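Please read the points below with the structure open beside you.

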Amino acid sequence: MDLSNHSGRVDFTSSNMDSRFPDQHFPHFYLDGPPENMPRHSLGGWGSYDRVFEIRVGQCDAGQSAQREFVSQHTVKGEEWVPVKPAVTPLIPPCKDAKVLFGPPPDPMDFPEHMQYYYQHYCMDAFSTMGNLLCDNFTFKKKNTKCKKSILWAKKFLKTLNYKRCHVRNYWQKVRQLHYLVSDVVSDIPPSLLAEHLHEELTSQREQLQFCSDLTGGAVGYMPLYEAQGSAESCLIYPSGDALEKLNFHRVVPEFNDDKPPNFLMDSSPFAFELKGTIKQLSLGNMEDQGNVGVRSDYFCGSWVLGGKIRPRLQEVIQSNDRYSCITVSPHVPDELVVATEYGAAYLWTVKKGLQKFREEDSNLYFNAKSPWRWCEFTCHPRVMVYADRTGAEITDARNRDCYQTLFRIGKTAACVRGERVLLAKYLSESHAHHHLITSQWSAYIMDERVPCVPVLKWDHMMESEPVFACSLPALSQSKNCKVLLGSQRSQDIMLLQYTGGRMRACQARGPIQKLFSPRESLSHLNLLLPHKRHLAEERLNVPAAGLTAVQNKDYLSVFQLTETGDLFFQTLKLHTDETTTNNNLPEPASSSVSVEHTKEPGLSENLQSNTDNDNQGYSESEIRQRALSQLEVIDNVENGHSPASDTNEDISKEPNGTCSKRQPIQRKDHDLQVAWNKWLKPIFTKVAGKKRHLHHHQIKTRGLIKLKMTKTDKLNKDRPQSLRRDLQEVMKKKQLLLHGATHLPLLNVTPVPYPVDPNEWPDDLSQRLTASWDGEWKSWWEEKLGLNREKKMEALRRKRRREKKARAWSRTSLSGSFTSSVSYQDDLSGYSSAPSQGFDSDGESLGNSQAMEVIDGTLETEMHRKSPVIMRQFLKDQTLEQEPVESASRSPWRRSGPEQDSSSKQPTLGSSSSLDVGLCPASATLTQRPKSQSKLHNEDYLNSLFGSQEPTQEHAEQEGGFSFSQVPTASQLSLSSRRISQVRGSAQAPQPKKKSRMGF
Amino acid sequence: MDSQEGIVEKQCAMDDFEDELNIPAADVDSPEEETPNQGRIKEPIHLHLPPKYKGPSRETGFHKSTRNCLKIIRDAMLHHRWQEAAEYFSSYTQTLEDTTVSRQTMACEIIWRLGTEILHHLPNATAVDFNALYNQTKNSGVRNYAKICLEHVFHLLLNGQFDEAKRQLSIAESWRYGKHSAAQPLETKFIRAYCGFLDYLIWCDKRPESGLEAEDVSDNQEMHSYFRQASVTLGEIIRQPGIWDPFVLSYITMLEFYNKEDQALKVLQNYAYNTDFPSNPNAHIYLYQFLKRHKAPQSKLISSLRILHSLVPSHELMLELCVLLMQTWSEKHLEEALRVSMDLLEFSSWKFETKAWKCLLKIILNLKEKHCLEYLKKEWSVRRSLWLAMHFRAYIGRKDSVENVKLLKIKTQVLRLTGEGNIAYFGISLKVRRREQADKA
């Protein structure tokens, strides 16, 4: 049966198939009881097949083993949808009056401030009653009439309220006395009551900001105006206005061309209806001769009707004292809707015939979730409804109120986690007549109403905030996938889930979940804006989403997203099939992009590394450069006349990229997109620019404070700054230093370095402790002091003697060998470890060792300290730290052969000395030119301790073939960035106690 | 009254549930004061915000960078930028060096999940890579051993490495690791079940051609041993409540092969009628097919389908039920058949199904033959409003006339038999007939 039909909806012949039932389902445990699992991570279903069965298990005939065919519940590959543009595009001009709430959510504990504001600025509301009573006895006038008391002082007090004031000023006495007397009667609303209500209000406001269930279902819809699919004329229905109170029916003609993404031609102005409340939800029915549109506001619901030949027209409005929480238009019978109220009642509403209550619950279905949210959906049978709340969903027969059956409940069977709640139920009538979508904070379930309680499919949707919008897109042909789009409010996420089955075969999820673009991400794909404009735009784009709808046509999928400010955005995705690979603009097989490197080491084989082929490098570098460019360009679009598309964009698109990566079209900036966004952003900016700014802050005149002393000699020095500037520029060009001597500036007073403190002159305990802690040995000092380390010391001493004996036995010529061996070890470890991170190893054993060593070498150490200049002391410190893990054989830090030797035999912590393989910093390069001597070795060590971490990183990056770190294009940036990374790495390395754990697998 | 009692019971249960769930007790409002409470949904806990996150000061640099790295990987994967994800993932493996136990066990699972998914989407990943990743991850975090084993086996099965899968499964089955193996009971059960399932598949291969004699069969000792293994494990798993369609099918196939029909029937009946099990239409279908295969009496077939009707009135076997009922020729059964077929047609998935309408028409004609049209009248009076709106409105008529004229005719006939008149549907039907006559002429 060929069902391929390139229209937006499925042919009705396919509904025949919906009556089929899969001959086997994937195995599944059915466990009663509340969920036990705790929410763990948001990486849910990746890399999992879930379950597998053999297709022909029942009719297994002998000798058919070759044709054994297994299917899994989650398949690896799905349809590949590639975004056509790198970001969403605004569809309609922004609503200028929309209020944008930005900033931290209100804190309930801020209520005193709110109260103060109220008392201060709305004093007539707050105190008028008492004021009127008291005005006979008190006056603000200075003159003391016989029966009136002057309270002029109060005026002064009130004036000071505008400033931060001292709380112990003496007229506070009076206020306090007055407060004790009349505080409970003076205000119209008792302060405690007001505080309580304010707190409650702020709490609920905060909760509303975090999650607002009112908008569940979404308030945007797309409806074809004719049932015949040939004409693509459609209607986009969305709310607008600053409170989303205006209902718009906007005629749209999508232009579908074979090789171009669809273009939406909007009428100049929509049909608009002003409602008396915010539009919370829209629900669309099927378009036949005419189609129903259900509109929900807090306390009323309305049914509109529209069609190709008739203008949108209101049919009926119902009102209630309870808030409505759901409206759904029947997909089966026109003019039928279901509504649910927060009171727990659900009604079947036949337009112009009245309401029929079919369900009423005063509590939640399965446990007390303390939520008044109720939801209703139709099922395959026009008189059987799904009644859902936060705890689950039940199938209810509207003809017989006692007849109900669980469709879904939060529990073990569905493998829910603790705290999971139903957020949305949706009947997927277009995809499958028996399927329902149920979403929770963590998962999305497909339920088949014929197999209640057990989900036929489950995804972990991995969205950042709760999915409350959903849009189902049926498969356009039998070989294609059904799609579900989930949308969230706060994070504006849209997720694309694909699945097949439910008819002949069990449901299967196809491919991994894909995240679509959200409006808030789009700024990064546009030209950089000036900070204040960027801030404005961010504010505007960060508002929560309010709805989601999508329309598909052949290989294109257009997704519309509404935000709470009434802004509509759309994005188009293209189905990536094999034929499109020839298309230059679209993905080519990614054979060259990433490959798996087969390492022989068991511990590292899942390290995915790219080939170091030139192509790849070229790609990544060019991409990086693109990114860098996109970061750098600043287009001055301050004032309106500027052409929105800058030339830099074209430069970028001209950039040679021989290796077109798979997703590269996304990275490239889009001229049309930029134009559309500039047009969209303009009214927002101009509106703000038009606002007059009132600067409320206090101004202090500084003219008198800073007076430049212009003396006679200045005349002479006048041209000095100029020459200085010139010199500086020249020097900067050459990348040299501007020395003081060359500037002809007056000589600086050279302040001598203060005489180093001699710790021996301060023998008292405190000073010694301070000295120790200055050297970072505070802990060991205390251990020493308290005698906690006696055993360790003895042990260390013993060990040291043993080793000395051993060392004597060893020949000293093995130095070079040990050196190289440590180098190779470092290479094996992909070379992150740097000397400092090793040195500061806070392992217990090494601490003990260091302690022991210090005791032994104590006198020598201090001597060295005393004699050496600052840099030497630093060096010594490093030396000691490096030696800690090893043995203390080197009495003098200048003789390093001992530790080197040991490091080869015992512990590879000194391996960082390998970092001199590649001269990295200029300093080290010059140093290595010196004749090979012992002192060179020490210099190296010292430098390693300073810069050692840089080199391995680079080495590592080279190994990885230009991934992440080696992509930095110019050498001047290299040192900086790699240093930063090495810092991160170094810190990352720090808590690692043993090298062996690296081989963790 | 019953429903009220039910509610009371439910509320009692609810409180227990709440205790168990350990939900923070929010203020309990009286029902009339149900102010907006809907913000109660707790925010999902994300991995990249550590569960006990108490400000940035407590987080080490290592944790911070791994967290950020994970975030980037996650983002790249969600946008299907697999290459970028692979780049970062190569660095992310360092998180295994984390010394915090909880984080490390979590990291193992994350690395398994991310790693496999990324590998799936890299063009040149080989079976060796997958094996290495699965083997290393399952051993590094033993807490997920069973789950990863199972996934590994699935991967091998899907890629046609049946023997290797079998080997891995038997390793996994014998795996014991103290508390850890006991802490993964469901997965362990699944491993055993799949062991049995694969045994069954091997048994299938070894099974001789169906034409051969039973004596020849008895020679094949190896085959019998597979049967024994498979039947024990499969029998064990399908006693647990759940949906076990493939396992039940394979178990029944084996039992039938060895002529153990009684046992098979018992298994099927338990699978279909045990109240601990979820309602699964397939269970009833298997039972019905089994009965049909073994030539059970008609009454038994009807009763088994009746139960299916009460559970899934939209199932396609309802047509068979109608046929069976009609075959008995009893008035009562005919009435029931009418009800069943009308129930069926009320589901939107059957709305345009010609065979269902045909069946209904046949039943009505049967009734008419027996002069029992009052049954139809009775049913019609209940369903009239719905049926007129659902099946016989003008739009549907026009649609039928375009798409399926045969259906239009059947429906017109049904409508006429119900005694309705003066409905737009007739007009459309008339128009079509005239057009057809004109075409013929």
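1. In this predicted model, strand E16 of chain A, which covers residues 300-307, pairs with E17(A) in the antiparallel sense, and the pairing runs over six bridges. Within this pairing, the residue that stands opposite Phe300(A) is Gln319(A), in E17(A).

2. The two strands belong to an open sheet of four strands in chain A, arranged in the order E14-E15-E16-E17 with antiparallel pairing. Strand E14 (281-284) and strand E17 (313-319) of chain A stand at the edges and have a single partner strand each, so that one side of each is left without a neighbour in the sheet. From one strand to the next, the twist averages 20°.

3. A reader may wish to know how many disulfides there are over all chains. The count comes to zero. Cys301(A), for its part, is in no disulfide, and the nearest cysteine sulfur, which belongs to Cys326(A), is 8.5 Å away. Cys301(A) counts as buried because its relative accessibility is 0%, whereas Cys135(A), with a relative accessible area of 39%, is partly exposed.

4. Turning to the nonpolar residues, the largest nonpolar core holds 204 residues, and Phe408(A) and Trp244(B) are the ones that touch the most other members. Helix H9 of chain B, residues 185-206, gives this core its largest share, which is twelve residues. Once its neighbours within four places in sequence are left aside, Phe408(A) is in contact with several residues, including Tyr366(A), Ala414(A), Cys416(A), Val422(A), Ile438(A) and Met447(A). Another core, of 30 residues, lies apart from the largest one, and among its residues are Val220(A), Tyr222(A), Met223(A) and Ala546(A). As general background, nonpolar side chains in soluble globular proteins tend to be buried together.

5. Chain B, which supplies Trp244(B) to the largest core, has 22 helices and one strand. Of its 441 residues, 55% count as buried. Where contacts in chain B join residues at least 6 apart in sequence, 59% of them join residues at least 24 apart.

6. Back in chain A, Asn248(A) is found in strand E11, which covers residues 246-255. Is Asn248(A) buried or exposed? Its relative accessibility is 2%, and Asn248(A) therefore counts as buried, the limit being under 20%. Asn248(A) and Tyr238(A) are ten residues apart in sequence, yet their C-alpha atoms are 5.4 Å apart in space. Tyr238(A) is one of the residues that Asn248(A) touches when those up to four places away in sequence are not counted, and others in that list include Leu236(A), Pro239(A), Pro270(A) and Phe271(A). Ser240(A) is also touched by Asn248(A), and the side chains of Asn248(A) and Ser240(A) make a polar contact of 2.7 Å.

7. Not counting residues up to four places away in sequence, Ser491(A) touches Glu464(A), Ser465(A) and Arg520(A).

Methods. Residues are numbered from 1 along each chain as its sequence is written. Chains are lettered from A and ligands numbered from 1 in the order in which they are written. This is a predicted model: local features need pLDDT of at least 70, side-chain atom pairs count only at pLDDT 80 or more; totals for chains, interfaces and linings use all residues. Side-chain values use heavy atoms; hydrogens and water are left out. Contact means heavy atoms within 4.5 Å. A disulfide is a pair of cysteine sulfur atoms within 2.5 Å. Buried means under 20% relative accessible area, exposed over 50%, partly exposed in between (1.4 Å probe, protein chains only). Two strands pair if DSSP finds at least two bridges between them. Axes are lines fitted to C-alpha atoms, for helices over the stretch in contact, and angles run from 0 to 180 degrees between N-to-C directions. A nonpolar core is a set of buried Ala, Val, Leu, Ile, Met, Phe, Trp, Tyr and Cys residues joined through side-chain atoms within 4.5 Å. A polar contact is a pair of N or O atoms within 3.5 Å; within protein, one must be able to donate a hydrogen and the other to accept it, and residues adjacent in sequence count only if both atoms are side-chain atoms.
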